[in-house]
Amino acid sequence: MTEPEGPVPFRTFILKVANRCNIDCDYCFVFNSKDQAARRLPARMDLAVVRAAARRIGEHASAHRLRAIHVVLHGGEPLLLGVGHMTGLLQTVRDSVPAGTRVLFELQTNGTLLSDAWLDLFERYEVAVGISLDGPPLANDRHRLTHAGRSSAASAVRGIELLRSRPHLFAGLLAVVDLANDPVEVHDYLAAFEPPVIDFGLPHATHDDPPHRSDPSVPEYGLWMSRVYDAWLDRPEYRHSVRMLEDIVALSSGVRGSVETLGLAPPTSVVIESDGSIEAVDTLRSVEEGATWLGLDVLRHSFDEALSHPKLLHRQHGKEALAEQCRACPVVDVCGGGYLPHRFSEAQGYRNPSVYSADLGYLIRHVQGSLRQHGWDPYAQAASSP
């Protein structure tokens with residue numbers, strides 16, 4: 001395997017600021033998957049850990065002369081941190097980053113706890129807020145119920161409507177695909193909130209624990225997302241982007257990109273847990289116990305040490321890290337072998353095609369076929385790109 005010239009620095013720092021949640025999504029990779037470590041971690045990130053993490057982020061930004069970094073606040077539910085504690089966290093991070101580096105704060109929430117006090121704070125620190133919602137109440141409540149088994153939809157919608165009153169803070173909506181839901185109904189319902197972005201995620205699954213399908217011989221998830229694509233394209237009045245689909249268009253046109261889920265560019269994100277542990281992408285908790293564990297923490301280790309950790313080095317090798325059948329696939333530059341957790345099997349580790357390989361292939365070809373119908377040859381575009 002060819003060694004890369006050098007690891008690409010981290011540009012996105014995901015802080016797991018709260019390791020508890022006020023709802024109980026049955027597909028949650030943090031609390032309802034193979035790895036249950038989050039339940040043993042501190043309920044919230046202590047300010048001493050925040051200071052250590054912020055110092056390490058500042059060091060990394062300075063060492064690699066980064067002009068901008070993303071600091072993403074995740075949980076559990078990050079709003080369980082409380083407004084006062086969150087204020088200290090945001091100020092500590094901002095104070096620790098070099099003057100020449102812009103900090104772009106982002107936060108992903110279920111929206112049920114949003115209030116004007118939260119939005120006032122997010123105004124002050126320019127925090128972009130994304131909300132998770134899987135569609136209309138019936139669709140959303142298939143998986144996103146409270147701990148008492150009640151609907152969370154109305155509370156989430158209330159949070160979205162409150163956020164819409166400050167559209168400059170609205171980062172978008174995140175929905176998990178469920179084949180039981182109608183894709184056009186889900187897309188159009190979410191689009192009615194006028195988000196700048198709708199981000200559809202595939203349910204986390206592995207070769208040992210494959211995704212639900214009614215017919216394994218049919219690329220049902222690819223068909224589902226293709227119907228979303230057609231609905232999105234059909235309405236010229238829509239101004240939002242659909243992240244997965246725009247990424248496919250961009251990658252088909254030769255843009256290298258750096259999204260975790262598609263393409264071959266090295267990912268640039270790292271996770272800091274509530275106890276200060278530096279970890280691999282947290283969706284790997286859906287794979288097996290300890291999949292994210294690096295044995296590093298912000299109190300004793302730098303992010304440069306994480307860059308060269310054996311568990312993360314495979315991210316730098318692009319096509320060479322993929323299964324043989326993926327390397328030979330004509331859409332590999334777009335698919336990138338699929339999202340890392342979806343490639344896993346106990347027998348072969350991550351050197352497998354994604355469990356969504358057929359779905360991604362179908363969707364990519366559907367999008368590229370549509371581009372050709374509109375007079376744009378994605379392969380010609382890719383060939384002419386530098």
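**Notebook: cavity and sheet**

I looked up the lining of the largest cavity and found Leu 202, Tyr 221, Gly 222, Met 225, Met 244, Asp 359, Leu 360 and Leu 363, where a cavity is a set of points on a 1 Å grid over the protein atoms alone at which a 1.4 Å probe fits but cannot get out, and lining residues have an atom within 4 Å of a point. The model is predicted, with local features needing pLDDT of at least 70 and side-chain atom pairs pLDDT 80 or more, while totals for chains, interfaces and linings use all residues. Residues are numbered from 1 along each chain as its sequence is written, and side-chain values use heavy atoms, without hydrogens or water.

I noted that helix H7 (220-234) and helix H13 (357-373) each give at least two residues to this lining; helices are DSSP runs of H or I with at least four residues, and strands are runs of E with at least two. The space in the largest cavity is about 30 Å³, counted as that filled by probe spheres set on the points, which are joined across faces, edges and corners.

I then followed the open, mixed sheet, whose 10 strands run in the order E9-E8-E7-E5-E4-E3-E1-E10-E11-E12, two strands being paired if DSSP finds at least two bridges between them. Strand E9 (241-242) and strand E12 (293-297) are at the edges with a single partner strand each, so one side of each has no neighbour in the sheet.

I checked strand E7 (residues 170-176) against strand E8 (residues 197-201) and found them parallel and joined by 4 bridges, with Leu 173 having Ile 198 in E8 as its bridge partner.

Note on methods
On a 1 Å grid over the protein atoms alone, a cavity is a set of points where a 1.4 Å probe fits but cannot get out, and a pocket is an open set with protein on both sides within 12 Å along at least five of seven lines; lining residues have an atom within 4 Å of a point.
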